[in-house]
Amino acid sequence: MDRPDLLADARALYAFGHACLVGQDAPRAEAALRRALELNPIMVGAINDLGLALLAQGKRDEARTAWK
């Protein structure tokens, strides 16, 4: 990634998504984490948290896909 501002945005969205996940707001976590991954698709923590957010919503197949 060549634009540091996009990396910072991705990190901020990941932090927000993680906070939402911890606060048990899985739908909001999912949205933030998906956006973070659009900006930085190799952010491992966001991938993991996205799977957890999906799992918390009963979306097991989507969670497995996210983790692969």
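User: Which residues make the nonpolar surface patch of about 250 Å²?

Analyst: Welcome! This is a predicted model, where local features need pLDDT of at least 70, side-chain atom pairs count only at pLDDT 80 or more, and totals for chains, interfaces and linings use all residues. Residues are numbered from 1 along each chain as its sequence is written, and side-chain values use heavy atoms, leaving out hydrogens and water. A patch joins residues with over 30% relative accessible area and no salt bridge, nonpolar side chains (Val, Leu, Ile, Met, Phe, Trp, Tyr) within 5 Å and like charges within 9 Å; areas come from the Shrake-Rupley method with a 1.4 Å probe, only the protein chains shown counting as cover for residues. The patch is made by Leu-52, Leu-55 and Trp-67.

User: Is Leu-52 buried or exposed, or something in between?

Analyst: Leu-52 sits in helix α3, residues 44-56 (helices are DSSP runs of H or I, at least four residues, numbered from the N terminus). Buried means under 20% relative accessible area and exposed over 50%, with partly exposed in between. At 35%, Leu-52 is therefore partly exposed.

User: How many salt bridges does the structure hold?

Analyst: A salt bridge puts a side-chain nitrogen of Lys or Arg within 4 Å of a carboxyl oxygen of Asp or Glu. One of them pairs Arg-28 with Asp-25 at 3.6 Å, N to O. The structure's total is six.

User: Which helices hold Glu-62 and Arg-34?

Analyst: The side chains of Glu-62 and Arg-34 meet in a salt bridge of 3.2 Å, N to O. This pair ties together parts 28 residues apart in sequence, because Glu-62 lies in helix α4 (residues 60-67) and Arg-34 in helix α2 (residues 26-39).

Notes
Helix = DSSP H or I, 4+ residues; strand = E, 2+ residues; numbered from the N terminus. Buried < 20%, exposed > 50% of the residue type's maximum accessible area, 1.4 Å probe, protein only.
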